[in-house]
Amino acid sequence: GSIIMGIFRDIVTAVRGGASEVGEAIVDSQAMRILEQEIRDAENGIQTAKQSLSKLKAQEIKLAKELSIVSSDIEGYTEKARLAIEKDRDLALKIAEKVQELSERKNDLAEQKNSLEDQVGKIYKVIQQREKQIDKNKIELQKAKTYADLQKTQAAVRSAMPTGDSNARRVKRAMDRVKKKQADTENQMDA
């Protein structure tokens, strides 16, 4: 039995790979259920975060479009002001005010867009980190399950192995009887 137990210890050590945080504690099925639940919760959280992220991304795209429209409006009005300056100074001033207004709007939009891009980037990073963590937890959970299965197998192997001298003696007596029978049969054949 000791050889089998030795092999078992090696397998268990290999499976755990020195991951002491898994250890025997998690093998307790309660702990495994908790970890499974934590993984599920984290995955749900990530789904929600991804939905929020896509809404923010849509907002970012909308702002970029608005920004592009305002920019081209500014160009158009600036050209009109340049042409009007020769003929109609009042009109040129009105157009210049409009350009000023649009420029403020442009700055405002650019600020919103940059702030949003920043948020989107941060959320995306957090999601990536959480996903890596979940993958690690899944691996740990799988190790723990394998370890638990090994423990069950180990117990089964132990109960199937003859223990104590009485069993060993019984097996030896049975073997002796078989040998004696063989010898008797051979003697009879010789005779």
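How are helix 2 and helix 3 oriented to each other, roughly parallel or roughly antiparallel?

**View 1. Helix 2 and helix 3 cross in this predicted model.** Here the axes of the two helices come within 6 Å, and they cross at roughly 165°. Angles over 145 degrees count as roughly antiparallel, so helix 2 and helix 3 are roughly antiparallel to each other. Their crossing is left-handed.

**View 2. Helix 3 runs from residue 89 to residue 160.** Let's check its length: at 1.5 Å a residue, its 72 residues should span 106 Å. The C-alpha atoms at its ends are 105 Å apart, which agrees.

**View 3. Asp88 sits at the start of helix 3.** Look for a side-chain oxygen of Asp88, which reaches to within 3.2 Å of the backbone nitrogen of Asp90.

**View 4. Confidence is lowest in helix 1 and highest in helix 2.** The mean pLDDT is 48 for helix 1 (residues 2-16) and 89 for helix 2 (residues 29-87). Take care with residues 6-23, where the pLDDT is below 50. Beyond near neighbours in sequence, this stretch has 22 contacts in the model. For the protein, the average pLDDT is 79, and 80% of the residues score at least 70.

Methods:
Residues are numbered from 1 along each chain as its sequence is written. Side-chain values use heavy atoms; hydrogens and water are left out. pLDDT is the predictor's confidence in each residue, from 0 to 100. Helices (H or I, at least four residues) and strands (E, at least two) are DSSP runs, numbered from the N terminus. Contact means heavy atoms within 4.5 Å. The expected span of a helix is 1.5 Å times one less than its number of residues. A polar contact is a pair of N or O atoms within 3.5 Å; within protein, one must be able to donate a hydrogen and the other to accept it, and residues adjacent in sequence count only if both atoms are side-chain atoms. Axes are lines fitted to C-alpha atoms, for helices over the stretch in contact, and angles run from 0 to 180 degrees between N-to-C directions. Angles under 35 degrees count as roughly parallel, over 145 as roughly antiparallel, 65 to 115 as roughly perpendicular and the rest as oblique. A crossing is left-handed if the near helix is turned anticlockwise from the far one by less than a right angle, and right-handed if clockwise.
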